[in-house]
Amino acid sequence: MCLKNIKLQPTKKILIISYYWPPAGGPGVQRWLKFVKYLPDFKIEPHVYIPENPTYPLIDEKLMREVSDKAIIIKKPIFEPYGLASVFSKNKTKKISSGIIPNQKKQSFVEKAMLWIRGNVFIPDARVFWVKPSVKFLKQYLQENQIDTIITTGPPHSLHLIGLQLKKELNITWLADFRDPWTTIGYHKQLKLSSWAAKKHKDLEKEVMNTCDQLLVTSPTTKTEFEAITSKPIEVITNGYDVEKVNKKPLDKKFTLAHIGSFLSARNPRILWKALKELTKENPEFKKQFQLKLIGAVSAEVFQALKEFKLEKYVNHLGYLPHDEAIIEQRSSQVLLLIEIDSEETKCIIPGKLFEYMVSERPIIAIGPEHADFAQIIKETNTGTFFKYDELEALKVQILNYFEQYQQNNLKVYPVGLQQYSRKSLTEKLAKLLNSKF
């Protein structure tokens, strides 16, 4: 064999601009951490640009072990006004920055002021001060390293403004990845926007979508929504699951219904609390065995609702756990809860934890708006049952059905078609897009 005649596929370089990166915890970090992990397998060299001194609401140091040693990490300082705001209330600042917005009627003056400033002064968000210095630095970095393709991922959507400016100045290829929508995301309307600020958000959103070369979104509904704003190509690449090597723990002895992740103020499923209250009154065995396991930040409104429905004594709140520990608790739970806000704006939200739920072999009870994108995924993969917010009796029947299977030591699901949602399969889809079009 003549080795000099073998043509090796050249390695393509891309620059990923992300705010969330280990040691950040929470769902925002997982998507690109996993893409970066597998991109080198498809002959793509990832350069990752991240802030040097970010203000992350959640920290998970263990995720540092997940960072690919083949990734080239570039850090530059960022100025964030959250640091100044924390002078007034560190706890309130942390909660708002992580998306936990108090009920409007219960907001303090400081909380109202912080929300107004967040929506009307820092447009599109409080990381906007990173745009100008990043553009200046990255112009030189891209040219010196001969990189002609960048990816920006938001939220925070100010990172798309970095891509916008680099596109204008260098005419490079730019993919804008929207992990969540911009102006139609649930909390956007809670930012007390003036008409001027609302228009500014819309104008920036439209400019980003019509200037980038390609949009990436995480759900079919978001794709449909964005198609009304731009004619640029839009690809759906959902979030997914990775192979998690974690210690095994026996299934909980109690009949645990577990929710992993932040329980936001608006994500307060009174239909579920009512169903559980009635079941504890109607079924003595259920009352004896039931436990509600909550992992992650929980809003005061949710705790208040649990107290109202006399469920507080059944609650086991473990607080925020590192990702690997949360996975262990998830897989040892009897049933997993997936709750989404009941609104038109949340139909497009496919929570990242859904995919980790699906490979846990634990049944999922999901509650959300009619025609939610994640409802179809649960149905197609045979991983649980979805309920709308007006299906109380059906919800009770299903919980009782799972409870009876639990009593018979026979509570399990048998998923199908999960491979398409593996992180490596999803990265292969991204790599094909990058190599075929750019």
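Is His-371 buried or exposed? His-371 is exposed, with a relative accessible area of 59%; the cut-offs are under 20% for buried, over 50% for exposed and partly exposed in between, using a 1.4 Å probe and protein chains only.

## Ground rules

This is a predicted model, so to speak: local features need pLDDT of at least 70, side-chain atom pairs count only at pLDDT 80 or more, and totals for chains, interfaces and linings use all residues. Residues are numbered from 1 along each chain as its sequence is written, and side-chain values use heavy atoms, with hydrogens and water left out.

Helices (H or I, at least four residues) and strands (E, at least two) are DSSP runs, numbered from the N terminus. Lys-310 also has a positive phi, near 60°, and belongs to the loop between α11 (300–308) and β10 (315–319). With 59% relative accessibility, Lys-310 counts as exposed.

Then there are the cis peptide bonds. One joins Ile-123 and Pro-124, with omega about 10°, and Pro-124 is in the loop between α4 and α5. Another links Pro-155 to Pro-156, omega about 0°; Pro-156 lies in the loop between β4 (149–154) and α6 (158–170). For background, most residues other than glycine have a negative phi, and most peptide bonds are trans.

## A buried arginine

Arg-127 is in the loop between α4 (109–120) and α5 (131–144). Its relative accessibility is 5%, so Arg-127 counts as buried. Its side chain makes a polar contact of 2.8 Å with the side chain of Glu-80 and one of 3.2 Å with that of Tyr-19. A polar contact here is a pair of N or O atoms within 3.5 Å; within protein, one must be able to donate a hydrogen and the other to accept it, and residues adjacent in sequence count only if both atoms are side-chain atoms.

Lys-254 is in the loop between β7 (234–236) and β8 (255–260), and at a relative accessible area of 35% it is partly exposed. Lys-288 is 34 residues away in sequence, yet the C-alpha atoms are 8.7 Å apart. The Lys-254 side chain reaches the backbone oxygen of Lys-288 at 2.9 Å. Leaving out residues up to four places away in sequence, Lys-254 touches Lys-288, Gln-289, Gln-291, Gln-334 and Tyr-406, where contact means heavy atoms within 4.5 Å.

## Cores

The largest nonpolar core has 62 residues, and Leu-15, Ile-17, Ile-162, Leu-166 and Phe-178 touch the most other members. Apart from it lies another core, of 33 residues, including Val-298 and Phe-403. Such a core is a set of buried Ala, Val, Leu, Ile, Met, Phe, Trp, Tyr and Cys residues joined through side-chain atoms within 4.5 Å.

## Two helices crossing

The axes of α6 and α7 (residues 195–211) come within 10 Å and cross at roughly 50°. That makes the pair oblique: angles under 35 degrees count as roughly parallel, over 145 as roughly antiparallel, 65 to 115 as roughly perpendicular and the rest as oblique. Axes are lines fitted to C-alpha atoms, for helices over the stretch in contact, and angles run from 0 to 180 degrees between N-to-C directions.
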